[in-house]
Amino acid sequence: MAIPTIDFSCFDSADPCCLEQLASQVDQALRNSGFMMITGLAIDERSQAQAFESAKQFFALPAVDKDNSRYTNSGDNFGYQQLQGEHLDPTAPADLKEAFTMRDAINQRNHWPNTEFRTSAQSFYQQCMFGAQQVLTVMALALELPGDFFNQRHLGENITLRYLHYPASLQPCSERQLGAGAHTDYGTITLLFQHGVSGLQVQDKQGNWLDVPCIDNAIVINTGDLMHRWSNGRYRSTLHRVKPASTERPRYAIAFFVDPDSDIAIECLPSCVSEQQPARFVPTTAGQHIQDKIQASLDAANAAKEYS
Ligand SMILES: O=C(O)CCC(=O)C(=O)O
Ligand SMILES: [Fe+2]
């Protein structure tokens, strides 16, 4: 199962074939693996570098400072989560990662660690939003929808920037220990920025785990559960996981989860339903689905703590 690289740099050009070609490449990738590497999205490199720098500085703070902005509930989905604060695969030990999660970063007023952190996060959030809108436009065309169909349903309420740190020099306590347990993402698409250290793996249709390479200037983009439902299973929501960081090198990554606004009804799209392929999923609401999934991973982490 190859993960293709797709170059979006023609998106704003006058090339009349560009969008059609991108739509066909994206459609193929999302049907086959649910993952693609995208280059040429106009996301400012300085803003990305600043976001990584800011994440590194924050995670290096003493625990008591980080706890000043601690994550309190899945509804806000905002703030600092300590090591093993999330348990993505309840059959494995809790995740060896810490995270700073920022739902709807532009409109969040509370719990920011400091102004500099907030400014750089908000600026990167806007850059990611811009890139994501291009990808959503191409996906809409691939699914025979008006170009702004998905953009109108992703105004930001559930769009979430998340800094991730997989610390080095922690000896995994068991072979089953992971940096992030096997999971599928919950929403529409995820943009994932890596920072020179690989570790992400995706599962192929035979159940093998394949390494996702770290390619300079390429963003990993995958489809999540709600897109799987929306497209009546045409686009995959592929299981993936992160190996624990090596003892020498920490791993930093930034995820940008592009999830629909809470009230959006997710019903199989007409272009994905036919007499031969009837709708496989009952309609659901985006907000409820996302909230239930986040809460389940927090509950699993809390349960693991109680029993340890
Ligand atoms: O750190 C990574 O590479 C992936 C993280 C991930 O899959 C997630 O946060 O959903
Ligand atoms: Fe993920």
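Predicted model: local features only at pLDDT ≥ 70, side-chain atom pairs only at ≥ 80, totals over all residues.

Analyst: Strand 8 (residues 200-203) and strand 9 run antiparallel and are joined by three bridges.

User: In strand 9, which residue is the bridge partner of Val202?
Analyst: Strands 8 and 9 are joined by three bridges. For Val202, the bridge partner in strand 9 is Leu210.

User: What is the strand order of the open sheet of four strands?
Analyst: The pairing in this sheet is antiparallel. Strand 6 (180-183) and strand 9 (209-211) each have a single partner strand, so one side of each lacks a neighbour in the sheet. Neighbouring strands are turned by 25° against each other on average, direction ignored. The order is 6-11-8-9.

User: Which strands stand at the edges of the sheet of eight strands?
Analyst: That open sheet has mixed pairing and the order 1-2-10-7-12-5-4-3. The twist averages 20° from one strand to the next.

User: In strand 2, which residue is the bridge partner of Thr5?
Analyst: Strand 1 pairs with strand 2 (residues 35-39) in the parallel sense, over three bridges. The partner of Thr5 in strand 2 is Met37.

User: What angle does the direction of helix 1 make with that of strand 1?
Analyst: Helix 1 (residues 18-32) packs on the sheet and touches strand 1, strand 2 and strand 10 (219-223). Its direction and that of strand 1 make an angle of about 160°.

User: And what angle does helix 4 make with strand 7?
Analyst: Helix 4 also packs on the sheet, touching strands that include strand 4 (98-103), strand 5 (160-166) and strand 7 (189-194). Between the directions of helix 4 and strand 7 the angle is about 125°.

User: Which element gives the largest share of the largest nonpolar core?
Analyst: This core has 73 residues, and Ala132 and Met139 are among those with the most contacts inside it. Leaving aside residues up to four places away in sequence, Ala132 touches Ile189, Leu191, Phe256 and Val258. The largest share, twelve residues, comes from helix 4 (residues 115-142).

User: Is Gln84 buried, exposed or partly exposed?
Analyst: Gln84 is found in the loop between strand 3 and strand 4, and has a positive phi of about 65°. Most residues other than glycine have a negative phi. Gln84 has 16 other C-beta atoms within 10 Å, so the residue counts as partly exposed.

User: Is Glu144 buried or exposed?
Analyst: Glu144, in the loop between helix 4 and strand 5, has a positive phi of about 60° although it is not a glycine. Glu144 has 12, so the residue is exposed.

User: How many other C-beta atoms lie within 10 Å of that of Glu275?
Analyst: Glu275 sits in the loop between strand 13 (265-266) and strand 14 (284-285). Glu275 is exposed, and the number of other C-beta atoms within 10 Å is 5.

Conventions: Residues numbered from 1 in each chain as written. Chains lettered and ligands numbered in written order. Core = buried A, V, L, I, M, F, W, Y, C linked by C-beta atoms within 7 Å. Buried ≥ 20, exposed ≤ 12 C-beta atoms within 10 Å, placed from the backbone. Helix = DSSP H or I, 4+ residues; strand = E, 2+ residues; numbered from the N terminus. Contact = placed C-beta atoms within 7 Å. Pairing = 2+ DSSP bridges. Axes fitted to C-alpha atoms, helices over the stretch in contact; angles between N-to-C directions.
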